[in-house]
Amino acid sequence: MNYKPKPSLKQFWRLCQQTANLMVGQGDYQNYLAHMRSHHCGVVPMTEAEFFRYHQNSRYPQSRGKASINRCPC
């Protein structure tokens, strides 16, 4: 039998947060940091506040028309 340990409450809550963020178009900051460490080690990653603002501006641009940023933040 394959035994899979149950996720802890903290892991479960983290997955719920990640799911809710993705549902409203907000990226996952921890995944972003892992991506930046593995693929862009010379680049300073955005702070969590900058990352949040980036996704907010991508989804709800301040100017009329097309979003000002059309690609991933890396």
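Visitor: Which helix has the lowest mean pLDDT, and which the highest?
Guide: This is a predicted model. Among the elements of the protein, helix α1, residues 9–23, has the lowest mean pLDDT, at 83. Helix α2, residues 29–39, has the highest, at 89.

Visitor: And what is the mean pLDDT of the protein?
Guide: The mean is 79, and 81% of the residues reach 70 or more.

Visitor: What about the residues where it is low?
Guide: Where pLDDT is low, the predicted coordinates should not be read in detail.

Visitor: OK. How many helices and strands are there?
Guide: There are 3 helices and 0 strands. Starting at the N terminus, the order of elements is α-α-α.

Visitor: Back to α2. Which of its residues are buried?
Guide: Tyr29, Tyr32, Leu33 and Met36 are buried in α2. Looking down the axis of α2, you find these buried residues within an arc of 100°, so they line one face of the helix.

Visitor: Which residues are exposed on the other side of α2?
Guide: Ser38 and His39 are exposed there.

Visitor: How much of the protein counts as buried?
Guide: The protein has 74 residues, and 16% of them count as buried.

Visitor: Where is Gln30 found?
Guide: Gln30 belongs to helix α2.

Visitor: How far apart are Gln30 and Gln18?
Guide: In sequence, Gln30 and Gln18 are 12 residues apart. In space, their C-alpha atoms are 9.7 Å apart.

Visitor: New topic, pockets. How much space lies in the largest pocket?
Guide: The largest pocket holds about 150 Å³ of space.

Visitor: Which residues line the largest pocket?
Guide: The lining consists of Arg14, Gln17, Asn21, Gln26, Gly27, Asp28, Tyr29, Gln30, Glu48, Phe51 and Phe52.

Visitor: How many of the lining residues are nonpolar, polar or charged?
Guide: The lining of the largest pocket has 3 nonpolar, 5 polar and 3 charged residues.

Notes:
Residues are numbered from 1 along each chain as its sequence is written. This is a predicted model: local features need pLDDT of at least 70, side-chain atom pairs count only at pLDDT 80 or more; totals for chains, interfaces and linings use all residues. Side-chain values use heavy atoms; hydrogens and water are left out. pLDDT is the predictor's confidence in each residue, from 0 to 100. Helices (H or I, at least four residues) and strands (E, at least two) are DSSP runs, numbered from the N terminus. On a 1 Å grid over the protein atoms alone, a cavity is a set of points where a 1.4 Å probe fits but cannot get out, and a pocket is an open set with protein on both sides within 12 Å along at least five of seven lines; lining residues have an atom within 4 Å of a point. Grid points are joined across faces, edges and corners, and a volume is the space filled by probe spheres set on the points. Ala, Val, Leu, Ile, Met, Phe, Trp, Tyr, Cys and Pro count as nonpolar, Asp, Glu, Lys and Arg as charged, and the others, Gly among them, as polar. Buried means under 20% relative accessible area, exposed over 50%, partly exposed in between (1.4 Å probe, protein chains only). The arc is that of the directions from the helix axis to the C-beta atoms.
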